[in-house]
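Trainee: I've got a model open and would like to talk it through with you. Could we go over it piece by piece?

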2 protein chains.
Amino acid sequence: MADKDNSVNINSDGTKAAGAYHHGDLRAAVIAAGLKRIEEGEGGELGLRALARDVGVSATALYRHFPDKEALLDALADEGLRRLGALQAQAWLKAGGGSAGFKATGIAYVRFAHDEPALFRLSFTRQMSERKEGEDGGEVAYNLLRAGVGEALPGVKDPDVAALHAWALVHGLAMLVLDRRIAWDEAMVGKVVGLTFGGIA
Amino acid sequence: MADKDNSVNINSDGTKAAGAYHHGDLRAAVIAAGLKRIEEGEGGELGLRALARDVGVSATALYRHFPDKEALLDALADEGLRRLGALQAQAWLKAGGGSAGFKATGIAYVRFAHDEPALFRLSFTRQMSERKEGEDGGEVAYNLLRAGVGEALPGVKDPDVAALHAWALVHGLAMLVLDRRIAWDEAMVGKVVGLTFGGIA
DNA sequence: TCGGCATGTTTACAGTGGAAACATTATGGC
DNA sequence: GCCATAATGTTTCCACTGTAAACATGCCGA
């Protein structure tokens, strides 16, 4: 009973400590492993068993923390949205807000899709049909968008239309980049975004 | 030797005729069955075996016509792009070309995604990495886009940017609709597209 | 007529997601 | 401090998947 904290059985790499029956925080470890696997190696389906192996636990153990594979993927997707939101917020601040910030936010969106293709795809592909709609990790991102529209285009007549326009534009660019329909080219993205949202710095 | 045409063994529903060893045109039948399965019932992964069952043939028979499952999906995806192109061309003509036609083309794009979600997704998700790049079924659609930009916006300074902008915009709307991020609303789509491509009829 | 080639079938295998039953550990009420 | 009970992991099993290999069948040209 030396260390009594609640993560006794986790090794530094997230693997279960040898001989330990209980893991400590399997759920978190699984999510971490999933993200790692997603980050490196775009191809290759993310398998339940492979994930369990990474963490050093039996395959069915995961079912104590997720009702099924879908739920696990949902958790990963949510984390993806959270990261996207964070990156956008960061870009916004770094550019000092305003219309420049707005543009930076859009570019960050597309860059994220380019840098983390599998995660981006997963995050948006997940059908958010009958899940709890409120607590979605994408909230942050969307709120930032609305705020950005308001601040960057004060004179716009219909903010809803403008917001949707901006979102669709970057989302479309992101998907096209990600599906290799077009090449990733930050300058180009900047120009495209600038086309609608006028003479933005 | 009553009927000597090359589809002797196909029943009207695409199934193999009872007792016939050779199918007649399995490849086409499989693709048709795949499309049917894709059209009805968005959910549920499209399985090789299920498809073979539909056509009334053993699972491994498909390997005489497609190197692997991926290739089969590629064929379906290509058909999807072809249909999209056809619908856009039709919309363009119906609207009488020009800027009105351009807008109609964009709306048709999003509508297609809404009407055939699985097919649309499949069509664009397929990594066209090392496949034959030239003979893609999406050529039609893209050429139409470029032509449309030229005709609808004669005074535009950078046609490349404008074309990409238009494509990304509708593609983004399509993906957002398809992933249930936003609801399908033709009027809204019209407004959004109109925002950039000015006072279009 | 016959021989080869295209096309199907059967069988087999490794891998998958998931259900059940069982084992082990942590915890809260006495 | 003791112990029932809930939480968490493990084993075993099942149906299903994509695909390779070997075999069967039918068509078409020499």
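**Talking through the model**

Mentor: Let's start at a helix end: α2(B) is followed by Gly56(B), whose phi is positive, near 85 degrees. Helices here are DSSP runs (H or I, at least four residues; strands are E, at least two), numbered from the N terminus. This is a predicted model, where local features need pLDDT of at least 70, side-chain atom pairs count only at pLDDT 80 or more, and totals for chains, interfaces and linings use all residues. Residues are numbered from 1 along each chain as its sequence is written, chains are lettered from A and ligands numbered from 1 in the order in which they are written, and side-chain values use heavy atoms, with hydrogens and water left out.

Trainee: Which helices do the buried residues of α2(B) pack against?

Mentor: Buried means under 20% relative accessible area (exposed is over 50%, partly exposed in between, with a 1.4 Å probe and protein chains only). In helix α2 (residues 48-55) of chain B, that gives Leu48(B), Ala50(B), Leu51(B), Ala52(B) and Val55(B). Taking contact as heavy atoms within 4.5 Å, their partners in chain B are α1 (26-39) and α3 (69-94).

Trainee: How confident is the predictor in chain A, as a mean pLDDT?

Mentor: pLDDT is the predictor's confidence in each residue, from 0 to 100. Watch residues 1-7 of chain A: pLDDT stays under 50 there, and the model has 2 contacts for them beyond four places in sequence. Over the chain, 79% of residues reach 70 or more, and the mean is 83.

Trainee: How many helices and strands does chain A have?

Mentor: Reading from the N terminus, the elements go α-α-α-α-α-α-α-α. Of the 201 residues, 50% count as buried. The tally is 8 helices and 0 strands.

Trainee: Is Ala77(A) buried or exposed, and which residues does Ala77(A) touch beyond its sequence neighbours?

Mentor: Ala77(A) belongs to helix α3 (residues 69-94) of chain A. Its relative accessibility is 4%, so Ala77(A) counts as buried. Leu122(A) is 45 residues away in sequence, yet the C-alpha atoms are 5.6 Å apart. Leaving aside neighbours within four places, the contacts of Ala77(A) are Leu122(A), Ser123(A) and Arg126(A).

Trainee: Why do the copies meet through the same surface?

Mentor: Compare the interface residues of the two chains. The copies meet through the same surface because the share of chain A's interface residues that are also interface residues in chain B is 100%.

Trainee: Which side chain has an N or O atom 2.7 Å from a phosphate oxygen of DNA strand C?

Mentor: We're after polar contacts here, meaning pairs of N or O atoms within 3.5 Å (within protein, one must be able to donate a hydrogen and the other to accept it, and residues adjacent in sequence count only if both atoms are side-chain atoms). A polar backbone atom of Leu48(A) is 3.0 Å from a phosphate oxygen, and the side chain of His65(B) has an N or O atom at 2.8 Å from one. The 2.7 Å pair belongs to Tyr63(A).
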